[in-house]
Amino acid sequence: MKIETILTPTELPALARRDLRQTACVVFDILRATSTFVTALHHGAAAIVPVSEIAEAVALRKQQPDILLAGERAGVRIRAAQSGGMDFDFGNSPREFTPEKVRGKTIVSTTTNGTRALRVGAGAQCVLAAAFLNLTATADFLRRENFAEILLVCAGTGDNVALEDVLAAGALIELLTAREDGRVSLSDASQIALEAFTNLKLTDSGDLGAALGDSENGRRLLAMPELRADVAFCAQRDVFDLVAGLDADGALRRVCA
Ligand code: MLT
């Protein structure tokens, strides 16, 4: 098994030129897009449709009035003034996506980095959205399916690396390599991610919540009273036993393993 990692979103355009047909892509946007999507699917959403632009989301809603709209810009829910007159139903806080609100619903979401990263692996053998919330379920799926090549995509923030995404990639690599006795080949970027996660466990008593809170995104969310609890929420490990995968129609759904 070969594991590569993309640490920053500036590497995403090169993916479009790569043949990914034998590659499983795993996208991380821990604070918060992939954590939110995994939560919504766990709470019974039928599908999440990631789109890059606000206008795409609005156009889909006009075609299908029963879909719900979600998304953020600068971390905050998209309002009518930004979307040509439509207040979005949700922001991008996982805690908003309760079973009562999402059960059976299709949700179109546009976020700054997460939804773009998810769309970039369109030609891949499979594209998964992963979070600390469902990390072991994702690792078990990847191992069971025996993919020869795995590409971990850290969605980042703007053009920059985001610590929490790299830590999640490292945690997944740790799970994937644990029982493989050297049969895994890691790219340098994968080794960097693994070392970042291993270092965290050595130096910070394994306190993921504190590490996420120290990241740039964590500090930004902690400074917003209504969003600060998102950091601790997204730092929970393995609370959901589900795998989230993109289907051929571009929608994210629970993978039935
Ligand atoms: C993103 O997609 O860039 C993030 O998830 C942003 C956020 O939730 O604040």
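Predicted model: local features only at pLDDT ≥ 70, side-chain atom pairs only at ≥ 80, totals over all residues.

Author: Residues are numbered from 1 along each chain as its sequence is written, and side-chain values use heavy atoms, with hydrogens and water left out.

Reader: Is strand β2 (residues 23–28) largely enclosed or open, and why?

Author: Strands are DSSP runs of E with at least two residues, numbered from the N terminus, and buried means under 20% relative accessible area (1.4 Å probe, protein chains only). T23, C25 and V27 on one side of β2 are buried, as are A24, V26 and F28 on the other. Because six of the six residues are buried, β2 is largely enclosed.

Reader: Which residue of strand β8 (residues 149–154) stands opposite V27?

Author: Two strands pair if DSSP finds at least two bridges between them, and β2 and β8 pair in the parallel sense over six bridges. The residue of β8 opposite V27 is V153.

Reader: How much of the ligand does the protein bury?

Author: A polar contact is a pair of N or O atoms within 3.5 Å, and an oxygen atom of the ligand lies 2.6 Å from an N or O atom in the side chain of T111. Taken alone, the ligand exposes 270 Å² (Shrake-Rupley method, 1.4 Å probe). Of that area, the protein buries 96%.

Technical notes
Buried < 20%, exposed > 50% of the residue type's maximum accessible area, 1.4 Å probe, protein only. Helix = DSSP H or I, 4+ residues; strand = E, 2+ residues; numbered from the N terminus. Polar contact = N/O pair within 3.5 Å; in protein donor to acceptor, adjacent residues only side chain to side chain.
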